[in-house]
There are 2 protein chains.
Amino acid sequence: MDATKRIEQALTAAVADAEGPLCPPRLAAAIRYAVFPGGARIRPQLALAVAWACGDDAPDVADAAAVAIELLHCASLVHDDLPCFDNAPIRRGKPSVHKAFGERLAVLAGDALIVLAFETLARRVASRPERLAPLLLIVGGSVGMTSGIIAGQAWECEPRIELAEYHRAKTAALFAAATAAGAAAAGADPEAWRAFGERLGEAYQVADDIRDVAATAEDLGKPIGQDQAHDRPSAARELGVAGAMERLEALVAGAVAAIPSCPGAEDLRKLIRAEVLRLLPKELSRRVA
Amino acid sequence: MDATKRIEQALTAAVADAEGPLCPPRLAAAIRYAVFPGGARIRPQLALAVAWACGDDAPDVADAAAVAIELLHCASLVHDDLPCFDNAPIRRGKPSVHKAFGERLAVLAGDALIVLAFETLARRVASRPERLAPLLLIVGGSVGMTSGIIAGQAWECEPRIELAEYHRAKTAALFAAATAAGAAAAGADPEAWRAFGERLGEAYQVADDIRDVAATAEDLGKPIGQDQAHDRPSAARELGVAGAMERLEALVAGAVAAIPSCPGAEDLRKLIRAEVLRLLPKELSRRVA
């Protein structure tokens with residue numbers, strides 16, 4: 001089965017696990033709305049690609065890890081879009097969750113998605129129970145208060161921002177968790193895979209900065225110019241589009257070089273290069289290709 | 001060690017686990033502020049009391065379960081107090097988290113506390129790894145979207161409220177999880193302990209309704225009259241204080257009767273009666289005693 005299908009099926013099953021006849025209907029609707037249809041599903045794709053490169057000896061465990069990471073990503077989007085943060089009206093080409101369901105259900109849907117991520121691991125890592133605790137800690141750390149995405153968002157509330165830490169926490173942490181969890185799910189050493197994910201996350205952040213200045217809102221499915229509007233640090237604002245493109249290429253090269261040697265390494269390298277092109281505004285990706 | 005000390009030590013250790021030198025300082029402060037000093041810690045007390053009644057063969061596991069439940073309770077208070085929900089200025093006798101740290105850090109602190117609850121289980125259920133997945137599912141279910149406290153809060157956003165489900169989810173679920181998790185942490189059957197917790201949760205909700213109309217704000221550490229102000233269902237509003245007191249007594253009797261037979265059952269019965277008195281406004285508890 002191809003990875004996209006695996007991810008959508010596993011996400012559908014995870015959400016269905018949590019929904020019961022007793023679930024408040026508008027909350028259930030808000031949660032489905034936040035998860036489906038998704039964006040590029042780049043983090044779970046990455047987790048499955050690494051699990052595959054490591055032998056994928058327990059696909060149910062890899063699916064659970066991929067789902068947990070995507071649910072946490074969806075939760076962070078819902079909460080980041082709230083009026084007190086970005087106050088974003090549009091996400092993935094449709095009204096953001098708080099616009100469509102109200103602020104209260106957006107807070108609750110984000111909370112519920114966090115819970116569901118951990119429940120999914122608890123429920124679906126049954127075939128290799130010894131992998132559960134390590135996976136929980138990898139996934140938890142990637143969103144947590146020290147250097148996860150919650151910490152990344154919290155840096156925006158500090159009087160002095162630690163820029164490197166901000167980027168690492170806000171974006172790279174979840175990518176590093178995707179590669180580490182993909183490896184751990186397949187019984188490989190997660191730490192060996194962390195640098196690859198981290199560099200890829202930095203590259204993704206730069207690509208995102210470039211899109212924020214060089215793409216159209218239609219292309220992006222969300223408003224452009226947000227970094228400037230919220231005065232957020234951005235590689236494209238610092239270096240210009242050309243400079244940011246150079247940095248992006250260096251980061252992708254660094255990420256690819258950090259792939260540990262394994263049977264699937266070559267496939268993984270190809271996948272990464274293709275994915276990065278997909279992230280750039282159409283005009284720029286034509287130029288790079 | 002007495003239970004209160006155990007709980008504070010375990011909470012302190014759990015928060016310290018998550019804080020690192022890289023943690024954004026205001027986020028760390030908001031999280032500590034949300035957790036310390038606590039209220040009555042009634043849910044973790046209950047978890048430890050049940051674990052104790054069941055033999056407490058793995059105190060580290062019982063501590064982790066108690067901490068996870070209390071952290072989730074603290075998270076729910078922080079998010080319930082937000083402007084879009086109760087907009088509560090005071091909690092536990094001091095400004096609520098969003099009043100003290102701003103709305104953004106309140107959203108993030110709540111999120112981080114949810115993550116920390118699951119991380120604590122993953123980190124500290126090491127001595128009995130086979131108990132980890134069941135504990136995660138008990139704790140996750142108690143806050144989740146179907147019948148946990150998130151569902152309870154979400155019922156307030158529905159056009160038609162399912163009253164029984166609302167109360168069960170909003171309060172009883174976390175009490176039922178406290179007793180079930182206490183039992184599971186000690187290797188006993190969690191399902192046998194669920195009814196006790198659920199009835200106790202219902203009793204606690206009625207006691208809370210009574211306090212909301214019959215206590216002073218000073219006594220309570222938060223504003224009174226909130227159920228009326230937010231037009232929330234309340235036993236005291238429906239039955240009057242005397243009627244609500246009668247219902248409370250019946251519920252406590254039912255809870256005590258639901259304690260499964262075990263070596264520590266008699267101690268547990270005494271503890272419950274003492275705790276319930278503590279929950280009532282001083283004037284009423286003098287009358288009952």
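Mentor: A salt bridge is a side-chain nitrogen of Lys or Arg within 4 Å of a carboxyl oxygen of Asp or Glu. Please keep in mind that the model before us is predicted.

Trainee: How many salt bridges are there between chain A and chain B?

Mentor: The count between these two chains is 0. The rule does find 14 residue pairs in polar contact across the interface of chain A and chain B. The contact itself draws 48 residues from chain A and 48 residues from chain B, and the buried area is about 4,400 Å², with carbon and sulfur atoms giving 76%.

Trainee: Which helix gives the most to the side of chain A that touches chain B?

Mentor: That is H6(A), with 13 residues. By residue class, this side of chain A comprises 31 nonpolar, 7 polar and 10 charged residues.

Trainee: Against which element of chain A do the buried residues of H2(B) pack?

Mentor: They pack against H8 of chain A, together with elements of chain B that include helix H1 (3–18) and helix H4 (59–80). Among the buried residues of H2(B) are B:Leu27, B:Ile31 and B:Tyr33.

Trainee: How is a pair of aromatic rings described?

Mentor: One gives the distance of the centres and the angle of the planes. The whole structure holds 7 aromatic pairs over all chains. In one of them, A:Tyr33 and A:Phe101 have ring centres 5.2 Å apart and planes at 75°, so the pair is edge-to-face. The two residues lie 68 residues apart, A:Tyr33 in helix H2 and A:Phe101 in helix H5 of chain A.

Trainee: Is A:Phe101 buried or exposed?

Mentor: A:Phe101 counts as buried, because its relative accessibility is 16% and the cut-off is under 20%.

Conventions. Residues are numbered from 1 along each chain as its sequence is written. Chains are lettered from A and ligands numbered from 1 in the order in which they are written. This is a predicted model: local features need pLDDT of at least 70, side-chain atom pairs count only at pLDDT 80 or more; totals for chains, interfaces and linings use all residues. Side-chain values use heavy atoms; hydrogens and water are left out. Contact means heavy atoms within 4.5 Å. Buried area is the accessible area (1.4 Å probe) that two parts lose on being put together, summed over both. A polar contact is a pair of N or O atoms within 3.5 Å; within protein, one must be able to donate a hydrogen and the other to accept it, and residues adjacent in sequence count only if both atoms are side-chain atoms. Helices (H or I, at least four residues) and strands (E, at least two) are DSSP runs, numbered from the N terminus. Ala, Val, Leu, Ile, Met, Phe, Trp, Tyr, Cys and Pro count as nonpolar, Asp, Glu, Lys and Arg as charged, and the others, Gly among them, as polar. Buried means under 20% relative accessible area, exposed over 50%, partly exposed in between (1.4 Å probe, protein chains only). Rings of Phe, Tyr and Trp (its six-membered ring) pair if their centres lie within 6.5 Å; planes under 30 degrees apart count as stacked, over 60 as edge-to-face and the rest as tilted.
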